[in-house]
Amino acid sequence: QVQLVESGGGLVQAGGSLRLSCAASRSGISLNTMGWYRQAPGKQRELVATVRSDGFTIYADSVKGRFTISRDNAKDTLYLQMNSLKPEDTAVYYCAASNHWTTYWGQGTRVTVSS
């Protein structure tokens, strides 16, 4: 019984910044790993970044040095700070959360980066 709600998407120009948030309602279910994935039109969904409950992070090579993932465990909220945005970052961004058994997904938030 987990619900994930993303916010913060929008339209920005190349070189700009945007911060995404994901609020989790988990009803007592422990979530070891949370992350962001994205899907551009005609492309497969791909990993952007993940963060464990202890703060350990993994990033896709394409976003290293530009994006920062973090989570506030007390607030059950996940963040993605996106800097130096490029047109190729344009996609629908999905919040995900998992425990040992299941991965849960949010509805997505659209990010568009103009050139």
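Predicted model: local features only at pLDDT ≥ 70, side-chain atom pairs only at ≥ 80, totals over all residues.
Helices (H or I, at least four residues) and strands (E, at least two) are taken here as DSSP runs, numbered from the N terminus. Residues are numbered from 1 along each chain as its sequence is written, and side-chain values use heavy atoms, with hydrogens and water left out.

Let's start with the overall shape. The C-alpha atoms of the protein chain fill a box of roughly 45 × 25 × 20 Å along the principal axes. The radius of gyration is taken over C-alpha atoms, and the globule rule is 2.2 Å times the number of residues to the power 0.38. For 115 residues a compact globule would come out near 13 Å, and the protein chain agrees, with 13 Å.

Buried means under 20% relative accessible area, exposed means over 50%, and partly exposed is in between (1.4 Å probe, protein chains only). On that scale, 39% of the 115 residues of the protein chain count as buried. The accessible surface of the protein chain is about 6,300 Å², and carbon and sulfur atoms hold 46% of that; these areas come from the Shrake-Rupley method with a 1.4 Å probe, and for residues only the protein chains shown count as cover. As for contacts (heavy atoms within 4.5 Å), take those between residues at least 6 apart in sequence: 53% of them join residues at least 24 apart.

Leaving aside residues up to four places away in sequence, Met34 touches Leu4, Cys22, Ala24, Ala49, Thr50, Val51, Ile69, Arg71, Leu78, Cys95, Ala96 and Ala97. For a sense of scale, Met34 and Ser115 are 81 residues apart in sequence and 30 Å apart in space, C-alpha to C-alpha.

On to the charges. Lys and Arg count as positive and Asp and Glu as negative, while His and the chain ends are not counted. Each charge is placed at NZ of Lys, CZ of Arg, CG of Asp or CD of Glu. The protein chain has 12 positive and 8 negative charges, and their mean positions are 1 Å apart.

Side chains of opposite charge can pair when their charged atoms come close. A salt bridge here is a side-chain nitrogen of Lys or Arg within 4 Å of a carboxyl oxygen of Asp or Glu, and the structure holds 5 of them. One of them joins Asp89 and Arg38, at 3.0 Å from N to O. That pair links distant parts of the chain: Asp89 is in the loop between strand E8 (77-82) and strand E9 (91-98), Arg38 is in strand E4 (residues 33-39), and 51 residues separate them. Both Asp89 and Arg38 are buried.

Asp89 also meets Arg66 in a salt bridge, at 2.8 Å from N to O. Again distant parts of the chain are linked, with Arg66 in the loop between strand E6 (57-59) and strand E7 (67-72), 23 residues from Asp89. Arg66 is buried, as is Asp89. Through shared partners, salt bridges join Arg38, Glu46, Arg66 and Asp89 into one network. Glu46 comes in through Arg38, with 2.8 Å from N to O.

Val63 sits in the loop between E6 and E7 and is buried, with a relative accessible area of 0%. Not counting residues up to four places away in sequence, Val63 touches Arg38 and Val48. Val63 and Asp89 are 26 residues apart in sequence and 8.7 Å apart in space, C-alpha to C-alpha.

Finally, a word on the backbone. Most residues other than glycine have a negative phi. Asp76, in the loop between E7 and E8, has a positive phi near 50°. Ser84 also has a positive phi, of about 50°; Ser84 is in the loop between E8 and E9 and is partly exposed, with a relative accessible area of 41%.
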